[in-house]
Amino acid sequence: MGYMRKYGIRTAAVLLLALSLAVCVYSLAHVDGSSSGAAQTFGRGGGDGGLSFNGNGGGDGAQPGFGDGIDGSAPGATGSADGTPGGGDAGSAPGAAGSGSGSAAGASGGDAGSAPGSTGADGASGNSDTGSEQSEVGSAQGAPGGSSSAVGPDGVGGFAGGGTQGGGAPGFGRGGGFGASSSGAGKSGLVAYAFVFAALAAAGAYAVFRRKADVPADRRKGLLWPLLGAGVLLRIAVAPWAASHQGDLNFFRAWASQAAENLSGFYVNGNADYPPLYIYALYVIGRLLRAASLAPYATVLYKLPSMLADAGTAWVLFLASRRYAGYAAGLLVALLYLLNPAVIVNSTYWGQVDSLFTLLVVGAVYLLTRGRIGWASALFAAAILMKPQGIIFAPVLFFGLVSARNLRAWLTAIAASAATLLAVALPFSTGQSPLWLYRLYAGTVQEYPYATVNAYNLFALLGDNYKADATRFLGLTFHAWGLAGIVLTTLFAWRAYARSRQAAFAPAAAMLLISGVFTLSTGMHERYLFPAAALAALAYLQLRDRVLLWLAAGFSLTIFVNTFAILFQSGGNETYSFTMWAASTMNVALFGSAVLWAIGYVRLPGLRYEQAERTLAAEVLK
């Protein structure tokens with residue numbers, strides 16, 4: 001009995017890890033090697049495209065126009081005006097897109113078609129009419145047929161993707177939610193899980209915060225890592241069968257192949273719009289996929305960095321709890337983040353890289369609160385080199401440096417940022433203009449000149465999804481209103497940080513910035529709010545104010561709803577639905593609540609800081 005009392009919790013965690021490993025191995029063993037990267041079916045085949053968790057559908061689904069050639073060559077590397085992909089025998093694209101005006105992925109299109117995500121000569125690129133031109137390999141893997149259009153609003157281009165009749169994934173647009181390989185079973189399972197998670201989260205919060213449940217000090221050692229490992233393994237088990245955004249994954253496939261072929265010439269020979277940091281991950285994946293034995297697990301490999309990053313962010317949240325929040329609260333917050341459906345739908349389902357970006361941001365902000373200026377600056381720079389949205393968080397570093405009032409801190413920050421920039425960007429700079437990175441970012445920022453790009457924010461609430469940001473409203477363009485929103489949000493966050501008089505307010509300032517910019521600025525995508533939930537949780541662990549937990553829960557809900565709606569959407573992007581109205585209203589309300597909370601908090605920062613110190617002392621004396 002003594003052994004069970006002392007080691008029972010750890011034993012249960014290890015058993016959970018072992019069970020998760022068995023589930024993971026079983027899942028990967030049933031991945032169909034003949035449909036590398038395509039949506040899988042778990043159990044009986046049958047039905048048209050998509051996936052199935054209960055074995056009743058998805059048997060014919062395949063991804064159009066792309067393949068992972070064993071020799072690592074870029075699939076569909078060139079395309080003609082009629083949308084027929086080129087390429088050699090070994091690197092040709094299975095499931096090649098049919099004829100029409102759209103050019104193949106990563107292709108150099110003709111007059112009638114254009115590169116992915118651009119606008120064609122007739123304003124309607126990415127339209128496949130017949131799906132009749134198929135390669136032999138594509139026919140064997142369920143090449144697309146029928147008719148499908150990937151035309152976004154106002155002539156936003158997409159891919160020639162084939163129709164759903166032949167089992168191919170539908171066409172998709174670069175900025176929208178077309179092409180998510182989804183099914184009713186996958187949607188229902190994810191929704192059911194979200195409700196189960198909400199119930200478990202409520203029960204856990206009640207036990208920790210109301211019943212004061214805790215883990216005795218002698219039973220804590222070695223408890224966190226098996227739980228994090230189990231979370232990652234279960235993600236890997238789900239990833240092959242989960243609905244993916246085939247548009248984004250197809251870009252990653254093409255870029256991984258290009259990077260593996262010639263990393264230093266990646267930007268010279270291609271037209272990728274991602275900053276260079278993530279290209280290193282794609283390079284490793286591209287090299288791994290040259291091994292034929294790994295080809296069936298391509299989708300898992302593309303999702304793996306983000307799934308690992310989810311566990312990394314949970315670990316950082318746990319580390320942040322040690323000073324103020326206590327062990328039980330930190331463990332609860334870390335596990336709730338790891339199991340959060342808003343996080344899972346992004347990395348394990350969609351296959352996007354926001355989890356990696358969030359890990360860098362959360363790590364940078366946490367290190368800033370600990371006074372590690374050099375490492376914090378390096379991670380802030382890395383976040384910007386990961387996604388352009390990292391610029392949103394740069395003011396937090398500025399706030400910290402101004403508060404430090406130390407020239408050495410400024411010099412350290414500059415040196416660390418410059419070293420990170422050089423280490424990441426130099427390998428891609430051969431044969432490039434000195435301003436190549438600036439031009440890359442400038443082009444990315446100007447890529448989506450719309451009020452909102454499926455982001456459920458203030459502009460979506462007004463019914464302006466995919467409306468040009470040059471549209472005038474109350475005398476100013478949407479773009480001008482968005483810039484004003486960014487400036488006001490930054491000034492308010494700076495004022496709140498300065499009034500708080502404590503470095504621990506940095507996560508709250510970062511939360512205010514991302515929430516305000518997402519809600520009030522133009523050109524936002526549905527996933528740009530993703531870091532807000534983790535930052536709100538980190539702010540709670542630093543400031544010990546439970547209002548922040550409610551904000552984290554609210555952000556999690558709207559992030560999940562927005563991502564889920566776009567991933568599984570059908571129809572045009574411009575549709576104004578009840579879901580869009582409700583989530584947009586809630587996001588506006590959440591930002592307003594965060595502002596009101598900050599105003600109230602900074603009025604008595606000293607009192608709250610002393611209360612947190614007393615709470616810490618009580619935890620230590622337990």
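Reply: Among contacts (heavy atoms within 4.5 Å) in the protein chain between residues at least 6 apart in sequence, 71% join residues at least 24 apart. The model is predicted, so local features need pLDDT of at least 70 and side-chain atom pairs pLDDT 80 or more, while totals for chains, interfaces and linings use all residues. Residues are numbered from 1 along each chain as its sequence is written, and side-chain values use heavy atoms, with hydrogens and water left out.

Me: What makes up the secondary structure of the protein chain?

Reply: The chain has 22 helices and eight strands. These are DSSP runs numbered from the N terminus (helices: H or I, at least four residues; strands: E, at least two).

Me: Why is Val595 called buried?

Reply: Buried means under 20% relative accessible area, exposed over 50%, and partly exposed in between (1.4 Å probe, protein chains only). Val595 has a relative accessible area of 18% and is therefore buried. Val595 lies in helix α21 (residues 578–601). Leaving aside neighbours within four places in sequence, Val595 is in contact with Phe492 and Leu512. Val595 and Ala493 are 102 residues apart in sequence, yet their C-alpha atoms are 8.8 Å apart in space. Of the 622 residues in the protein chain, 55% are buried.

Me: Why is Leu474 called exposed, and why is Arg544 called partly exposed?

Reply: Leu474 has a relative accessible area of 68%, so Leu474 is exposed. Arg544, at 23%, therefore counts as partly exposed. Leu474 is in the loop between β6 (472–473) and β7 (476–477), and Arg544 is in the loop between α19 (531–543) and α20 (547–567). Phi is positive in each of these residues, neither of them glycine: near 55° in Leu474 and near 60° in Arg544.

Me: Why are α5 and α8 called roughly perpendicular?

Reply: Helix α5 (residues 246–261) and α8 pack at an angle of about 95°, with their axes 11 Å apart. Axes are lines fitted to C-alpha atoms, for helices over the stretch in contact, and angles run from 0 to 180 degrees between N-to-C directions. Under 35 degrees is roughly parallel, over 145 roughly antiparallel, 65 to 115 roughly perpendicular, and the rest oblique. The two helices are therefore roughly perpendicular to each other. Leu249, Phe252, Arg253 and Ala256 of α5 make the contact with Thr299, Tyr302 and Lys303 of α8. By class, this contact has four nonpolar, one polar and two charged residues.

Me: What makes α12 oblique to α14?

Reply: Helix α12 (residues 373–386) and helix α14 (residues 407–425) pack at an angle of about 40°, with their axes 8 Å apart. That angle makes α12 oblique to α14. Among the residues that meet are Ser377 and Leu385 in α12, and Ala409 and Val424 in α14. The contact of α12 with α14 has 10 nonpolar, five polar and no charged residues.

Me: Which residues have the most contacts inside the largest nonpolar core?

Reply: They are Phe505 and Phe555, in a core of 150 residues. A nonpolar core is a set of buried Ala, Val, Leu, Ile, Met, Phe, Trp, Tyr and Cys residues joined through side-chain atoms within 4.5 Å. Helix α8 (residues 298–324) gives the largest share of this core, 13 residues.

Key. Nonpolar A, V, L, I, M, F, W, Y, C, P; charged D, E, K, R; others polar.
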